[in-house]
Amino acid sequence: MLLEDAGDQAAFGHFGAVAGYALAARRAMYTFQTGPETWQQIATGQRKWANLNPDATMYGKPLTPEDYMLSGYLVEPFRRYDCCLISDGGRACIITSTERARDLKQNPVLIMGLGQHNPSSAIEQSDFMTGPTGAKIAGQKAFGMAGITIDEIDACQIYDCFTYTVEITLQDYGFFRPGEGEDWFREGIIEPGGRMPVNTSGGQLSEAYFMGLTPLTEAVMQLMGRCGTRQLGPETNTKKPEIILCSDNGATLQTHSCSILRRL
Amino acid sequence: MTYKKPLPNPTPDTRTFWKQCKNHRLTFQKCNDCGHVRWPPALICPRCHSVSHESIESSGRGTVFTFVVYHQAFHPAFHEDLPYIVAIIKLKEGPQFLSNIVGCDPDQVSCDMSVELVWEDINEDFSLPKFQPASR
């Protein structure tokens, strides 16, 4: 399977997603200020959320900046902790009309805005690997449909196949300008107690990899108030969320989907 | 010694490319209508959808757009090469091509450094276009 997916690139020893995203991350290190110092904050920040989530694969396994820096390279510049988990399992959420949802036992969550954008061309020809990726236009479409601005977002659930994916996605949505990620992530902004919680289940880096449904179902459950010890609000010294932004992307940053959800 | 690494698998689109590689010629399709030099090979131009094209030979000169260093072998035959470099080369003629940087310590590679083509004859059927730091 890995060999088939790699096509003729296998002749050059190029396989799989780690190296594809690592190529993007390396170019980003050259184009703007980023690298392990930035990505370390994403890996350790999300791990703090995982340690509040008994269902997370990495529950009970704290990760320090030193652990991150001392872990070996898989495909440089990516270390082990830059990469998502490999998981068996499943996630689902049920979609119905608002009218019907109001009559159900659980608190429903509304879809405010959706946007997709797919730059699409193969990774060798990519001129978007350091942004803007599909996140920029997909985000603009979703914000437009929702009729809100980025200032109204209370938390984010970002597709985090790799740490760099979180950085470039938040950057393209407009949370910070290119290269300002290292400063933005500092002081634990995405962590429990932070101003902009990100990937509050631990995400795919530290909870489980269920493709786009890891972020989406976490957003739904947070807005429903079903997240126990990791629940956004007073329990985690964060704002009780009204609106959560979710992302999903595919291939090597070649497709992007943005969803904005809110509490009913 | 038998060559154990994966081989290219020519398709109707890529057959000519690999055949020319065997002759140590790195060739690309150039659109006869808009002039776009494309990779990978295809029936129609991705820019203007023209089906008319000619074959051009690349100078083999370009720069490193980006690169990674494999520290883990995802196929056993690459184990002995670790650490090895995979890079996207931006060729002078326009296309970006994924290959290896050889004859160079991973610490010496950087984005936008100049590289030149070097051929690796791997068996009777295939030669792989690889790149090394430019000599001038």
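Read along the sequence, chain B follows the pattern α-β-β-β-β-β-β-β-β, which comes to one helix and eight strands, where helices (H or I, at least four residues) and strands (E, at least two) are DSSP runs numbered from the N terminus. The model is a predicted one, in which local features need pLDDT of at least 70 and side-chain atom pairs count only at pLDDT 80 or more, while totals for chains, interfaces and linings use all residues. Residues are numbered from 1 along each chain as its sequence is written, and chains are lettered from A, with ligands numbered from 1, in the order in which they are written.

**The two chains**

- Chain A has ten helices and six strands, and its radius of gyration of 18 Å is close to the 18 Å that the globule rule gives for 264 residues, so chain A is as compact as a globular protein of that length; the radius is taken over C-alpha atoms, and the rule is 2.2 Å times the number of residues to the power 0.38.
- The C-alpha atoms of chain A fill a box of roughly 60 × 35 × 35 Å along the principal axes, whereas the C-alpha trace of chain B spans about 45 × 35 × 25 Å along its own.
- Buried residues make up 50% of the 264 residues in chain A and 29% of the 136 residues of chain B, a residue being buried if 20 or more other C-beta atoms, placed from the backbone, lie within 10 Å of its own.
- Among contacts (C-beta atoms, placed from the backbone, within 7 Å) between residues at least 6 apart in sequence, 74% in chain A join residues at least 24 apart; in chain B, residues 24 or more positions apart account for 50% of the contacts with a separation of 6 or more.

**The contact between chains A and B**

- The contact takes 29 residues from chain B and 24 residues from chain A, and on the side of chain B strands E4 (61-70), E5 (84-91) and E6 (96-101) each supply at least two residues, with the largest share, six residues, coming from E4(B).
- Strand E1 (residues 73-76) of chain A runs antiparallel to E4(B) and is joined to it by two bridges, the number at which two strands count as paired being at least two DSSP bridges.
- Within this pairing, A:Val75 stands opposite B:Tyr70 in E4(B).

**The largest nonpolar core**

- Of the 86 residues in this core, A:Ala19, A:Ala22, B:Val68, B:Val86, B:Ala87 and B:Ile89 touch the most other members, a nonpolar core being a set of buried Ala, Val, Leu, Ile, Met, Phe, Trp, Tyr and Cys residues joined through C-beta atoms within 7 Å.
- Helix H2 (residues 16-31) of chain A gives the most to this core, with eight residues.
- Leaving aside residues up to four places away in sequence, B:Val86 touches residues of both chains, among them A:Phe12, A:His14, A:Ala19, B:Phe67, B:Val68 and B:Leu98.

**The domains of chain B**

- The domain assignment of chain B gives domain 1 (10-57) and domain 2 (59-136), with bounds that come from an automatic or database assignment, and their C-alpha centres lie 21 Å apart.
- The contact between them takes ten residues from domain 1 and eleven residues from domain 2, and the largest share of the domain 1 side, three residues, comes from H1(B).

Conventions: A residue is buried if 20 or more other C-beta atoms lie within 10 Å of its own, exposed if 12 or fewer, and partly exposed in between; C-beta atoms are placed from the backbone. Two residues are in contact if their C-beta atoms, placed from the backbone, lie within 7 Å.
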